[in-house]
Amino acid sequence: MPIKTGKTSFDSEARLGVTVLGSGSLGNAMVIHGGGLSLLLDAGFSWKQTLLRMHECGLDPGTIGAILLSHEHSDHVGGVRLASRRLTAPVYCNRAVGDEVRKLGVEATGAIHIFSVGTPFQIDEFTITPFSVPHDARDTVGF
């Protein structure tokens, strides 16, 4: 069951909100929302499951402007190919993750933007700063 924290992007008073769609070995995804734009952080669920969880939380998939990936494990990237195509959203990840998601056919469905760990980048009004975190993957990041 998704865990909702903060306010949704539909609340005009909301400045920033976080909605956890799920976290576990079967899938991981959360939505960061502020104003009219949302970011999907990890895409570990099927497209159908991602949509269902977003609708349960009152989130509009049409507000997703980008997908950010933390690492290449399937419970974080398993749904990224279809999500990027259906959302027409670019995927942001580091080089190690980019190499892996290209094998899933993501580049054929949308743009992949490679970031450098420690270097902030901008997605509309969001400033994202990726940083290294310990995990059993090639180059795991937090945001």
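**Figure 1. Overview of the protein.** Of the 143 residues of the protein, 50% count as buried. The model shown here is predicted. Five helices and eleven strands make up its secondary structure. Among contacts in the protein with a separation of 6 or more, 51% are accounted for by residues 24 or more positions apart.

**Figure 2. Close-up of the largest pocket.** The largest pocket holds about 160 Å³ of space. Its lining consists of 13 residues, and those closest to the pocket centre are Met-30, Leu-41, Asp-42, Ser-70 and His-76. Three strands, β2 (17–24), β3 (27–34) and β11 (141–142), each contribute at least two residues to the lining of this pocket. Sorted by class, the lining has six nonpolar, six polar and one charged residues.

Figure 3. Helix α2 spans residues 74–77 and includes His-76. His-76 counts as buried because its relative accessibility is 12%, and the limit for a buried residue is under 20%. A polar contact of 3.3 Å links the side chain of His-76 to the side chain of Asn-28. When neighbours within four places in sequence are left aside, the residues in contact with His-76 are Asn-28, Asp-42, Ala-43, Gly-44, Leu-69, Ser-70 and His-71.

Figure 4. Val-80 is located in helix α3, which covers residues 80–87. With a relative accessible area of 0%, Val-80 is buried. Not counting residues up to four places away in sequence, Val-80 touches Ala-43, Ile-67, Leu-69, Val-91, Val-101, Leu-104 and Val-106.

**Figure 5. Close-up of helix α4 and the residue Gly-105.** Helix α4 runs over residues 95–103, and its buried residues are Ala-96, Val-97, Gly-98 and Val-101. Val-101 is also one of the residues that Val-80 touches. Gly-105 follows α4 and has a positive phi, near 90°.

**Figure 6. Close-up of Thr-63 in a loop.** The loop between α1 (47–56) and β5 (64–68) contains Thr-63. Thr-63 is buried, its relative accessible area being 12%. The side chain of Thr-63 reaches the backbone oxygen of Asp-60 at 2.8 Å. Although Thr-63 and Leu-37 are 26 residues apart along the chain, a separation of 5.1 Å is found between their C-alpha atoms.

Figure 7. Cys-57 is buried, with 7% relative accessible area. Cys-93 is buried as well, and its relative accessible area is 0%. Both values lie under 20%, so both residues meet the limit for a buried residue. A disulfide is a covalent bond between the sulfur atoms of two cysteines. The count of disulfides in this model is zero.

Conventions: Residues are numbered from 1 along each chain as its sequence is written. This is a predicted model: local features need pLDDT of at least 70, side-chain atom pairs count only at pLDDT 80 or more; totals for chains, interfaces and linings use all residues. Side-chain values use heavy atoms; hydrogens and water are left out. Buried means under 20% relative accessible area, exposed over 50%, partly exposed in between (1.4 Å probe, protein chains only). Helices (H or I, at least four residues) and strands (E, at least two) are DSSP runs, numbered from the N terminus. A polar contact is a pair of N or O atoms within 3.5 Å; within protein, one must be able to donate a hydrogen and the other to accept it, and residues adjacent in sequence count only if both atoms are side-chain atoms. Contact means heavy atoms within 4.5 Å. A disulfide is a pair of cysteine sulfur atoms within 2.5 Å. On a 1 Å grid over the protein atoms alone, a cavity is a set of points where a 1.4 Å probe fits but cannot get out, and a pocket is an open set with protein on both sides within 12 Å along at least five of seven lines; lining residues have an atom within 4 Å of a point. Grid points are joined across faces, edges and corners, and a volume is the space filled by probe spheres set on the points. Ala, Val, Leu, Ile, Met, Phe, Trp, Tyr, Cys and Pro count as nonpolar, Asp, Glu, Lys and Arg as charged, and the others, Gly among them, as polar.
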